[in-house]
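Q: I'm just starting to read protein structures, and I'd like to look closely at one part of this one. Could you walk me through a single residue and its surroundings, and then show me what lies around that part of the chain?

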Amino acid sequence: MRDSRILLTLQKPSRINFEQGIRKVLTKQQQKLLFFIKSFQDQKGISPSYDEMRCALNQKSKSSVHMLLKALVERGFVRKLNHKARAIEVIKFVNQDSAFAASEGRPLKVEENQPSVVSSQSKDEMLAYVPFYGKHSTIFSLKTFLSSPEKILSIPKEILFYLEGHDYCALQISGESLKEVAILDDDMLFFKMGVEAHPGQIVLAVVDDETVHMKKWEITDGKVVLSLGSKYMMPQVYDRDRVSIKGVMVALGRVYK
């Protein structure tokens, strides 16, 4: 089957471009909360409750969430409307390029949350908000998906072949194990979750409900074959009842250094 994934090329901006016009800087936890609030509002049309924010950020108490939210208010990112439940207005949001810069420890560039015309659709309608679960080798623990994402990335829907009703996720590859299938160290991989896999696709395959394999998927003689796409590396072969597909790769992002 023809490989249908596409390459999203991400030019690495200079430090000067990120620092020009910066007025506020967020901590990692504040950034995660802002992304969660924005994503929740976009998907459900209302703001999350304190308990939903606490669970999403793995906080032990609502008071911790209150302090993070207070910091976002003080820095001008959100506004709380008094005497209304779930009333949080996002005033500023971190743009897409800055989300990648944040992983490098750079200051965050922010933009005013003001309406602008982008063809016949608004900017938000053209974006999908994708949870990013960090950098991993081709095999990692399933527990990764039980934890909160490191951040939420805003990605153009057309890049992901986005379909309403489907979930998506992003992971960054560590190492050169998949170089034979043109996936390099530090590449960002985007997956559509809960869909059927076809032979030759790169998938998130769950083995024995314990580990996740980012590998090429094949079926041979009734067995599941997971490989790195290299004739020099032995593939792993499993009975079909030991393997389930969590997601299928639909796009790849690459930052040129």
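A: Happy to! Keep in mind that this is a predicted model. Let's start with glutamine 172 and the residues it touches: leaving aside those up to four places away in sequence, they are Phe132, Gly134, Lys135, His136, Asp186, Asp187 and Met188. One of these neighbours also takes part in a polar contact, as the backbone oxygen of aspartate 186 lies 2.9 Å from a polar atom of the glutamine 172 side chain. Is glutamine 172 buried or exposed? Its relative accessible area is 16%, so glutamine 172 counts as buried, the cut-off being under 20%.

Now step back to the strand. Glutamine 172 belongs to β11, which covers residues 168-173. As a general point, side chains in a regular strand alternate between the two faces of the sheet.

The largest pocket has a volume of about 900 Å³. Of its 34 lining residues, Ser39, Gln43, Tyr129, Pro131 and Asp167 are the closest to the centre. The biggest share of the lining comes from α2, with eight residues. Sorted by class, the lining holds 18 nonpolar, eleven charged and five polar residues.

Terms used
Residues are numbered from 1 along each chain as its sequence is written. This is a predicted model: local features need pLDDT of at least 70, side-chain atom pairs count only at pLDDT 80 or more; totals for chains, interfaces and linings use all residues. Side-chain values use heavy atoms; hydrogens and water are left out. Helices (H or I, at least four residues) and strands (E, at least two) are DSSP runs, numbered from the N terminus. Buried means under 20% relative accessible area, exposed over 50%, partly exposed in between (1.4 Å probe, protein chains only). A polar contact is a pair of N or O atoms within 3.5 Å; within protein, one must be able to donate a hydrogen and the other to accept it, and residues adjacent in sequence count only if both atoms are side-chain atoms. Contact means heavy atoms within 4.5 Å. On a 1 Å grid over the protein atoms alone, a cavity is a set of points where a 1.4 Å probe fits but cannot get out, and a pocket is an open set with protein on both sides within 12 Å along at least five of seven lines; lining residues have an atom within 4 Å of a point. Grid points are joined across faces, edges and corners, and a volume is the space filled by probe spheres set on the points. Ala, Val, Leu, Ile, Met, Phe, Trp, Tyr, Cys and Pro count as nonpolar, Asp, Glu, Lys and Arg as charged, and the others, Gly among them, as polar.
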